[in-house]
Amino acid sequence: MRVTLGGIMRFSSFEVASGDQGPEVRVWGDADVLVVSAPLPGVLRARLFPEARANTLGFPRLSAKRSFALRPDLPMGAPLTATEEGSEVLIVGDGLSLRLDRVTGAWRVLTGSGESQRVLIQAHSWSGEAPTQRPALDAERFNLRRTRLNLDAPDGAMYLGFGERVGPLDKRGMHLTFWNTDCFPHHTETDPLYVSVPFTTVVQSGQAHGVFVDEPWRMEVDVARAHPNEVRWASSGPELDVYVLAGPRPADVLRRYADLTGYAPMPPLWALGAAQSRWGYRTADDLRAVIQGYRDRNLPLDSVYVDIDHMDAYKVWTVSCANFPDLSAFVKEAGAQGVKLVPIVDPGVKVEAGYDVYEEAARGDHLVRTARGDVLVGEVWPDPAVFPDFTRPEVVTWWAGRHKFFADAGIQGQWNDMNEPACFSLRQPRETEGKTLPYDARHGTRTHLEVHNAYANGMSEASRLGYAKFSPNIRPWVLTRAGYAGIQRHATVWTGDNTATWSHLALSLPMIQGLGLSGIPFAAADVGGFAGDTTGELLARWYQAAVGYAFLRNHAALGTADQEPWRFGEAVTDVIRAALELRYRLLPHLYTLAHAATRTALPVLRPLALHWPADEDAAREDTQYLLGEGLLVAPVLRAGHRRRLVYLPAGRWAAVFNLSQFGPVHAGGQHVVADAPLDTLPLYLRAGTALPVTEAAPHTTSACWARLTWLIHAAPDGFVGQLYEDTGDGHAGGRLTRLVGERQGERLTIRREADGSAGTFEQRETLHVLGLGPVREVQGAASFATESGVLRLTLPAHWQTVTLTLEPGEDGADAGVDANPTA
Ligand code: MIG
């Protein structure tokens, strides 16, 4: 219990001091400490340490914290001021201020000043407990809600993000746990899952701010469920490390979060191509047959994933000689067909005398221990198995060194699984929360309860370090199942073991969108569903929905029905081929979005909430998504449906279904009905947008597009488009092109502005422009023609400017607008 001294202020002293991360304001009383700093513009950090006197040494100074989330090169924070105002302490940082009531300990964070001042966060209570002295080793001695913070949840505020979660985009009304869990199968109500990111973007009246609680400890957050107007955080650790991030737009919050925790590195182009996987492909011959299956049917394919059967007796960093007699030769063979291999790596190390990985780990003291101090032994695929302690830097370095094995074989991508960590059972049985290690297992001086959620970050950091060391000229592609905040610096996430059901197809969109809003821009779900038998219709619709997933992997569990694209007859194969070709046509745009993600943290697959937070219909819509601000995807997510309702946000939207037809144009701010027979993916292009696309290909080669078409939906004042190009891999620079159309009266000037270089290659560019009306004259194009309202321009090499003279009086942009097609 917290002790409050009658009549005495909870906070009686404060000072401005110099902390490990820069200037900080320390406020303390008899027991509690609050330390405020300004790590970045528009970001305020408040370390809340109730009962600090009983919990720490050096009171009121708090010891430095090692964060798994923050980027390692975070600059020193900015200066702050602290003044006394009546019963409050006012702390002013870089863009945000904090007011603490010295009597009650309540505090709030404000943005702006004077008239425009707004309260972002109101914390009305926070409390904690001293450590208990009970010596027992059982899980009960852990107080899972040791430190608590209650924040105001104003009516109407939406809470987005929180990492990997089921349910709708807005988590208001849910109780969420941060404890990475291998749960199989998960359902539409299951919580927690594999990834813990204690970060939310709060949207209220169209304005956004963020709250990030940087604690890898087991935590819970009750998002206005137990109390309709409170968000209640509870940690099993002794403090809460809270970052408040200013908006005003959701995109600003996301950028500030990435400034703090890091940006995802640029993926190689091939990782954006089609991928085939299955738990059950055992041998090189199995994979040969898969690749052949794709090539025989003219289905694009860029990678195959190689599941646990590649190992010798599930020993990590080995390959079964029987299944893969010559791994490097097979990597080359697949490479010659444009296909990369992505092997799985599990953290569990088999206990076996003479097995070098085990021997090294044991000798180097790299393993997780029990509370008693012995090496902890459990069972995973290898049995018995021990667990490298990836929370310690020296273990990360050791594991990174192990990647030489795959790097030398020419492997460029890796799939880190089971890193919650998953553990099926323990040699010395103990109660655990989910199939993992016990709370009191030891990671150096820390307990598992404290670092469980961060386990996967170290494992994937090692992968990135390993490939950087052994294959410095490529961009490694690292996939992880588990993760904590900051995981995006090392790996991207797939959503784990979903099922081959329509509800999981639908669920994939809010899950991926939620991960995107949690700083992980390249997340995706297994296409077709992992568990259970898929059907042709479900698989076809899933491929359509996945046209805009950041990566596109068909994966299935052992023992389920085959689900390669050709397993359901030719009609379904044709639909899937068309979806894959659409994907490959979109690659210039998707690759540009990927590049943008590495700089802005905006995800590839975006919720409408990101760009239209003030429009409630848009903000709550999670059956559709955006690829950039101008392309809206509305896949059919239900069995038997051949039409769907689509919400179009503000603007004018041209139907560009399958990217093969142009029109009609709808006014936004309304629902429209899309006709979508099985072979149709409803897509809409917003007026003002130029979308770069290319031609379909059997596999990717370079992201310098030899054939480029800009699909343009001209707004009355013009349009703009972006294109990022480079060689598709490696670290050489790229070229960013802006295509700008500016209309003044009857004249439309189209300019191409390029920045950077992408080497010399021949590019054949065409523009397809909708929304112009009749054209009288064209200057600067090689040729042009108008066909059913779309102007097609072919451009000469290295063109800079094209000028169009339009027929006067025609407002082409309004032609064919369907103001309310549902009426
Ligand atoms: O206990 O490696 O989520 O994608 O196929 C199951 C076998 C282990 C779980 C992964 C799944 C993978 C499977 N793995």
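Predicted model: local features only at pLDDT ≥ 70, side-chain atom pairs only at ≥ 80, totals over all residues.
Q: What volume does the largest pocket have?
A: About 780 Å³. On a 1 Å grid over the protein atoms alone, a pocket is an open set of points where a 1.4 Å probe fits, with protein on both sides within 12 Å along at least five of seven lines; lining residues have an atom within 4 Å of a point. The volume is the space filled by probe spheres set on the points, which are joined across faces, edges and corners.

Q: Which residues lie nearest its centre?
A: N55, R146, W217, P238 and E450, out of 30 lining residues. The lining divides into 10 nonpolar, eight polar and 12 charged residues. Here Ala, Val, Leu, Ile, Met, Phe, Trp, Tyr, Cys and Pro count as nonpolar, Asp, Glu, Lys and Arg as charged, and the others, Gly among them, as polar.

Q: Switching topic, what is the strand order in the open sheet of nine strands?
A: β5-β6-β7-β8-β9-β10-β16-β15-β12, with antiparallel pairing. Strands (E, at least two residues) are DSSP runs numbered from the N terminus, and two strands pair if DSSP finds at least two bridges between them.

Q: Which are the edge strands?
A: β5 (81-85) and β12 (175-178), since each pairs on one side only. Five bridges join β5 to β6 (residues 88-92), and E84 stands opposite V89 in β6.

Q: And β44, why is it largely enclosed?
A: Because six of the seven residues of β44 (residues 764-770) are buried, meaning under 20% relative accessible area with a 1.4 Å probe, protein chains only.

Q: Last one: where does L659 lie?
A: L659 is in the loop between β35 (652-655) and β36 (665-667). L659 is buried, with a relative accessible area of 7%.

Q: What does L659 touch?
A: L582, R585, L586, L683, L691, V693 and L711, not counting residues up to four places away in sequence. Contact means heavy atoms within 4.5 Å.

Methods:
Residues numbered from 1 in each chain as written. Heavy atoms only, no water. Helix = DSSP H or I, 4+ residues; strand = E, 2+ residues; numbered from the N terminus. Buried < 20%, exposed > 50% of the residue type's maximum accessible area, 1.4 Å probe, protein only.
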